[in-house]
Amino acid sequence: MSSVEVEDNGGGEGASSSKPGLMGAKMTAKEKYAERMKKLRDLHMKRNEARKLNHKEVVEEDRRNKEPKNEEARKRRAEYIIKEEEEKAACLAAGKDWEIEKLRNMSAEDAEALDRRRKGKLNPDEGFSNFEQATFRKYNGLVKQIKPDMEQYERQKDKMGDAFYAGSGSVVQGQHKDSQDAISRMALDVQKQKEKRDKFSRRRRHDPDADIDYINERNMKFNQKLERFYGSYTKEIKDNLERGTAV
């Protein structure tokens, strides 16, 4: 055991003498001071590196906050356009039809989405803007419902001759007479429009026929809540007060 201990002690002394950077008992005060200063410089370097990385992240986060909300979508769109242009150039260089190749590589979901976007552009519904546009939309809706009779059209055209396309000097009075079927269709369409208007109801904020039992909007909301929760219990008392028969 003594020989092993001697060997271990010898190895320890050899290690401390071969590694002067360790804070060993054999180091002088000057060496200890140099070692401490080296550790302090390392800590300063790590702190400066962490400060730089933190500042870089702060600048990057501030840049992202200042960007528009759709910046990522715009970047993806730009990358898609660049990729599409490269594929188109390669396709044209190979002598292929780009439209056909594009449809071959398109998935069914992308094709359906593209078709929906095209239909949306063909028939945009921007809602009410002014009465002129509303009248125009109504006219287009009525025109789409018309199913023309081409045979009747040709017969009428042959019968009226040049007066069919009336000019400034054409006399069209008495040339055309509406058929009974056309009059019936017009009357039926007017009746349908009337029924549709009767079914339409717009939600109104105030009921002009309701009793006014409030002094402002907040009080009106409060009274509505009371009526909703306690109206069934106070109905008899309220009726007696209105009739003047309350005890």
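Me: A salt bridge is a side-chain nitrogen of Lys or Arg within 4 Å of a carboxyl oxygen of Asp or Glu. How many salt bridges does that rule give here?

Reply: The count comes to nine salt bridges. Keep in mind that the model is predicted.

Me: What makes Arg-63 and Glu-60 a salt bridge?

Reply: Their closest N and O atoms are 2.3 Å apart. The cut-off is 4 Å, so the pair qualifies.

Me: Are Arg-63, Glu-60 and Arg-64 buried, exposed or something in between, and how do you know?

Reply: Set each value against the limits. Buried means under 20% relative accessible area, and exposed means over 50%. Arg-63 has 36%, so Arg-63 is partly exposed. Glu-60 has 28%, so Glu-60 is partly exposed. Arg-64 has 43%, so Arg-64 is partly exposed as well.

Me: What makes Lys-238 and Glu-227 a salt bridge?

Reply: The closest N and O atoms of Lys-238 and Glu-227 are 3.0 Å apart. The limit is 4 Å, so this pair is a salt bridge. Lys-238 is partly exposed, at 37% relative accessible area. Glu-227 is partly exposed, at 42%.

Me: Now helix H9. Why is Tyr-233 called exposed?

Reply: Tyr-233 has 64% relative accessibility. Exposed means over 50%, so Tyr-233 is exposed. Tyr-233 sits in helix H9, residues 217-243.

Me: Why is Asn-223 called buried?

Reply: Its relative accessible area is 18%. Buried means under 20%, so Asn-223 is buried. Asn-223 also belongs to helix H9.

Me: Which residues does Asn-223 contact, leaving aside neighbours within four places in sequence?

Reply: Asn-223 is in contact with Asp-213 and Tyr-214.

Me: And why is Gln-224 called partly exposed?

Reply: Gln-224 has a relative accessible area of 39%. That falls between 20% and 50%, so Gln-224 is partly exposed. Gln-224 is in helix H9. Its C-alpha atom is 9.8 Å from that of Tyr-214, ten residues apart along the chain.

Me: Which residues gather in the positive patch on the surface?

Reply: They are Arg-77, Arg-116, Arg-117 and Arg-118.

Me: What makes that patch positive?

Reply: Arg counts as positive, so a group of four named Arg residues makes a patch of positive charge. Helix H5, residues 108-122, gives the most to this patch, with three residues. Arg-117 is found in helix H5.

Me: What does the whole chain consist of, helices or strands?

Reply: The chain has nine helices and zero strands.

Me: How much of the chain is buried?

Reply: Buried residues make up 6% of the 247 residues. The chain exposes about 23,800 Å², with carbon and sulfur atoms supplying 54% of it.

Me: What share of the contacts with a separation of 6 or more comes from residues 24 or more positions apart?

Reply: Those residues account for 8% of such contacts.

Terms used. Residues numbered from 1 in each chain as written. Predicted model: local features only at pLDDT ≥ 70, side-chain atom pairs only at ≥ 80, totals over all residues. Heavy atoms only, no water. Patch = residues over 30% accessible without salt bridge, like charges linked within 9 Å, V, L, I, M, F, W, Y side chains within 5 Å. Areas by Shrake-Rupley, 256 points an atom, 1.4 Å probe, with all protein chains shown as cover. Charge placed at Lys NZ, Arg CZ, Asp CG, Glu CD. Helix = DSSP H or I, 4+ residues; strand = E, 2+ residues; numbered from the N terminus. Buried < 20%, exposed > 50% of the residue type's maximum accessible area, 1.4 Å probe, protein only. Contact = heavy atoms within 4.5 Å.
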